[in-house]
Amino acid sequence: LRNIIINVMSPVNVAKRFCDFIDKSPTPFHVVSYISSLLKKAGFIEIGGTEKCVAEPGKAYFTTRNSSTIIAYVVGKKYSAGDPIAMIGAHTDSPCMKVKPKSHRINSDYVQVGVSTYGGGIWHTWFDRDLTLAGRIVTKEKSTKRLSQKLVHIQKPILRIPNICIHLQRDHNEKFSPNAENHLVPILATVSETISSAGDESEPFGGQLSTALRENGQLNSSEEILDFELFLTDCQPAAIGGIANEFVHSPRIDNLCSCFLAVEALLHLVQNGFDESGICMASLYDNEEVGSASAQGAESLFTEIVFRDVSGSNFSTALRKSFLFSFDMAHAVHPNYKEKHEEYHRPLLNKGPVLKWNANQRYATTALSGAILRECAAMENVPLQEFSVRNDSPCGSTIGPIMSAKLGITTVDMGIPCLSMHSIRETLACQDLVSGIDLCKAFYTHYFDVIKRSDFM
């Protein structure tokens with residue numbers, strides 16, 4: 001049995017599971033759908049969007065918002081209302097391009113798709129990639145008038161944003177700076193090919209694309225598309241790479257990595273039993289990349305509602321003892337740009353999760369929250385690194401400061417080190433996936449003991 005467990009948790013095997021997770025999760029809707037299926041198989045009880053969350057000792061639950069945010073939690077066998085909640089927070093969205101409401105374009109005999117940029121992507125990395133569409137469509141059944149949503153993911157490269165050749169732009173390598181409105185318009189087809197295809201050109205995205213979406217969503221003739229949220233996504237699957245198979249090269253590592261690690265730890269908790277007097281929770285939010293200010297974002301009341309439901313009249317008592325482990329990515333030092341990192345805070349791949357600090361509260365870590373996380377990590381021998389941005393460099397942020405301010409909850413910011421953050425393909429180390437799972441498990445397992453022997457919680 002020990003050998004089986006070790007094999008399952010080997011870096012390459014964990015990386016294979018992560019790659020599978022990435023490939024099945026092209027959009028936040030697919031992320032939540034796939035995670036929901038994993039939780040149901042493990043015995044989690046789904047709570048409907050209009051139902052009140054409950055917390056029966058020894059049970060596990062999950063609830064969703066907008067089909068793009070999910071909160072899952074395991075209730076300890078000794079739990080009573082007012083006991084602390086140990087929560088890992090991450091986000092389901094990534095920088096991308098989204099199809100505009102009226103996207104059908106004809107330009108120079110090409111059929112193109114109008115898109116909007118979402119988040120702070122490195123947009124030049126989207127050029128000359130094999131792209132497709134994924135997301136959700138909302139349909140209406142003509143006879144019953146029933147509205148439904150369906151997930152779609154067209155599994156072939158139907159779109160491309162071609163570069164301008166260097167012969168027509170000689171300074172391409174010196175100052176290529178694409179205009180987001182004019183240059184990030186993917187090609188779908190040529191006009192002649194589109195005209196010969198079936199479909200109603202009055203559709204917002206044109207008949208040819210409409211036909212493909214109907215086929216992918218398995219719509220019948222009595223269903224019409226009322227609306228849609230469609231994302232451009234890379235066709236190339238996630239891959240294990242490096243001469244020693246030590247890296248994962250993949251889209252959407254930020255922040256599906258943290259979602260994957262939190263869910264793995266939560267499933268492990270259910271499989272092995274949770275006897276504590278508390279709740280372990282994973283909260284995975286949409287819209288972090290654009291500020292979190294949405295009904296399904298970390299700045300919404302969603303988390304507070306769940307906390308209030310499970311804690312009842314003891315909400316404030318529970319909140320004072322609870323803890324948010326904000327888990328986003330961290331900037332690994334780049335060997336070709338190492339001067340971009342402060343000399344003494346240069347996280348390395350394969351060396352473990354990163355404790356993130358910022359004097360101006362762009363990260364929410366404090367000495368108290370950092371100490372608690374360090375103690376949990378030490379109890380399972382999980383290595384930690386530290387990151388603080390240079391004084392002459394801007395600093396990104398996470399859901400940590402947003403939620404700590406909104407809920408008044410003790411918060412630490414952590415991340416798995418990666419390269420090429422916000423590129424269409426990013427890189428992390430397989431060993432760090434293992435360390436990340438170990439850290440999440442250590443937090444869920446030891447937090448309740450650590451706060452009992454802390455005089456500041």
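This is a predicted model: local features need pLDDT of at least 70, side-chain atom pairs count only at pLDDT 80 or more; totals for chains, interfaces and linings use all residues.
Twelve nonpolar, seven polar and five charged residues make up the lining of the largest cavity in this structure. Searching the whole structure turns up three cavities of 30 Å³ or more, and two of them are described below.

**The largest cavity**

- The volume of the largest cavity is about 200 Å³.
- Its lining is built from 24 residues, and those that lie nearest its centre are P26, S94, P95, C96 and R252.
- Helix 3 (28–41), strand 10 (223–234) and helix 7 (253–272) are the elements that give two or more residues to the lining of the largest cavity.
- Strand 10 gives the most to this lining, with four residues.

**The second largest cavity**

- The second largest cavity holds about 40 Å³ of space.
- Around the second largest cavity you will find A298, S300, T303, E304, M403, K406 and L407 as the lining residues.
- Two elements, helix 8 (302–311) and helix 11 (399–407), each give two or more residues to the lining of the second largest cavity.
- Helix 11 supplies the largest share of that lining, three residues.
- Sorted by class, the lining of the second largest cavity has three nonpolar, two polar and two charged residues.

Technical notes: Residues are numbered from 1 along each chain as its sequence is written. Side-chain values use heavy atoms; hydrogens and water are left out. On a 1 Å grid over the protein atoms alone, a cavity is a set of points where a 1.4 Å probe fits but cannot get out, and a pocket is an open set with protein on both sides within 12 Å along at least five of seven lines; lining residues have an atom within 4 Å of a point. Grid points are joined across faces, edges and corners, and a volume is the space filled by probe spheres set on the points. Ala, Val, Leu, Ile, Met, Phe, Trp, Tyr, Cys and Pro count as nonpolar, Asp, Glu, Lys and Arg as charged, and the others, Gly among them, as polar.
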